[in-house]
Amino acid sequence: SGVIVLPCGAGKSLTGVTAACTIKKPTLCLCTSSVSVEQWRYQFSLWSTIPRERIGRLTAGSKDNFIRDVTVTTYSMIAFTGPRSAETRRVLDELTSREWGLILLDEVHVVPANMFRKVLGVVKAHTKLGLTATLLREDHKIGDINFLIGPKLYEANWLDLQRAGYLATVQCAEVWCPMTPEFYREYLNQAGPRRKLLYGLNPNKYRACEYLVKFHEARGDKVIIFSDNIFALKLYAVKLNRPFIYGPTSQAERIQILHQFQHNPAMGTILLSKVGDTSIDIPEANVLLQVSSHYGSRRQEAQRLGRILRPKPRAGQNFNAYFYSLVSTDTQEMYYSSKRQQFLIDQGYAFKVINKLPGLDSRTDLKLSSREEQLELLAHVLAADDNEATENIEDKDEMAMFGKKGAAKRRLGAMNSLSGGAGMAYAEKKSGSRPTENVDAFFGREKKRNSLFKKRK
């Protein structure tokens, strides 16, 4: 048992299938989403002799769940402890009562989370093999993998595989986008999630994004735009007139959009939220634009770079993949961006800073070029509520399992609710003709004494 660390696109799925075929014992494969369940089923049918109909699956939205000698499911399905349907309960009982020869843990860096680590105590397996591209966690729980699964068995260097031709040659660039005066004034006056929304929807950042999209689509490239902020994701998608995928997007729609992106030359760009960080295989993509991210997460930066690392031979070019991180200057995003890049810099990548895109200022065909459009966008941003300004949109698989209907709800309250006084009323009353020495001065009611302590006459 142990962990194998390979970059995105280096063959983690093939490594897992090979391990299962070598051991030749019942295998359980755990993934992070229902989309990756279908991708793992496809990989098993592609690289092994087992027919696809003999590869079992278990997901929240599937109506044909079944257990086979090779079964693929999600962490959430096993870790969930709430009420279930009778059929799902029966299938899960069969899964947990079985003794598995091998358990494959895709994206193993999620296992130390309090919710997912329960899985290893429920499922019985002789051997555990974890697969990941980024053995990183910002909460410093990554060391728990040593006793939960096992030691690190092998780790490949990203640049060594790139030089050998197994990975794409990526040019990493950080594009500096100055804030417009109106947006920057509001940025200085706001706090919390509203600040993230303001520097994420910086008009100069959008214009730089549209400029790069048109430039690369004209070259025939396939472009992915990442935005953690759902409000910004929807606005970019509407302005660019491109499809987007986020948490509530159904599995069927996700698969259809990804299929069109891979095989339709007319669809050159898609937009993804954080649900596209892991377990989505898009080998045709070779350009990535990041307009909003999750604070200073190094793992997320590496996972997103991995979306474009599949080898793409192009004769006569030094670089055949491009990673752009669009950053609003003089904001918190500058600090987060430098922190996020640390893991990739440790792997040997270098980030080129672009403080001005050639010809951008003279382009009049880009949206948000006029001051009127920018002020209209600013009013739209300031009118957004906190639920729209935050990025806590859950994945639909987890929503189906845990019964979550959406982002957290906030209600107005008063200070008395913090002290337990909500709904209480206090009033002063006269004691009437009762003797004052027997009246409690604080509560305003007659003192009651035990008979043992009454004064003797």
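**Group meeting: sheet, cores and salt bridges**

The strands here are E2, residues 27-31, and E5, residues 99-106; they run parallel and 4 bridges join them. On terms: two strands pair if DSSP finds at least two bridges between them. Helices (H or I, at least four residues) and strands (E, at least two) are DSSP runs, numbered from the N terminus.

A word on the model. It is predicted, so local features need pLDDT of at least 70 and side-chain atom pairs count only at pLDDT 80 or more, while totals for chains, interfaces and linings use all residues. Residues are numbered from 1 along each chain as its sequence is written, and side-chain values use heavy atoms, without hydrogens or water.

Now the sheet. It is open, has 7 strands and pairs in parallel, in the order E3-E4-E2-E5-E6-E1-E7. Its edge strands are E3 (55-58) and E7 (152-155), and each pairs on one side only. From one strand to the next, the twist averages 20 degrees. Angles run from 0 to 180 degrees between N-to-C directions, with axes as lines fitted to C-alpha atoms, for helices over the stretch in contact.

Two helices to point out. Helix H1, residues 12-23, packs on the sheet and touches E1 (2-5), E2, E5 and E6 (124-132). The direction of H1 makes about 160 degrees with that of E6. Helix H2, residues 34-47, packs on the sheet too, touching E2, E3, E4 (70-74), E5 and E6. For H2, the angle with E4 is about 160 degrees. Contact means heavy atoms within 4.5 Å.

Next, the cores. A nonpolar core is a set of buried Ala, Val, Leu, Ile, Met, Phe, Trp, Tyr and Cys residues joined through side-chain atoms within 4.5 Å. Buried means under 20% relative accessible area, exposed over 50%, and partly exposed in between (1.4 Å probe, protein chains only). The largest core has 51 residues. Those with the most contacts inside it include Trp40, Phe44 and Tyr349. A second, separate core has 44 residues, among them Ala208, Val213, Ala232 and Leu233.

Then strand E9, residues 223-227. Of its 5 residues, 5 are buried. Val223, Ile225 and Ser227 point one way, Ile224 and Phe226 the other. E9 pairs in parallel with E11 (residues 269-272) over 4 bridges. There, phenylalanine 226 has leucine 272 as its bridge partner. E9 also pairs in parallel with E12 (residues 287-292), over 5 bridges. Isoleucine 225 is partnered by leucine 289 in E12.

Last, charges. A salt bridge is a side-chain nitrogen of Lys or Arg within 4 Å of a carboxyl oxygen of Asp or Glu. By this rule there are 20.

Aspartate 69 and arginine 98 meet at 2.6 Å, N to O. Aspartate 69 is in the loop between E3 and E4, and arginine 98 in the loop between H4 (86-97) and E5, so the pair ties together parts 29 residues apart in sequence. Both ends are partly exposed: aspartate 69 at 39%, arginine 98 at 24%.

Lysine 205 and glutamate 333 meet at 2.9 Å, N to O. Lysine 205 lies in H10 (residues 203-218) and glutamate 333 in H14 (residues 332-340), so this bridge ties together parts 128 residues apart in sequence. Lysine 205 and glutamate 333 are buried.

Arginine 304 and aspartate 228 meet at 2.2 Å, N to O. Arginine 304 is buried at 0%, and aspartate 228 is also buried at 0%.
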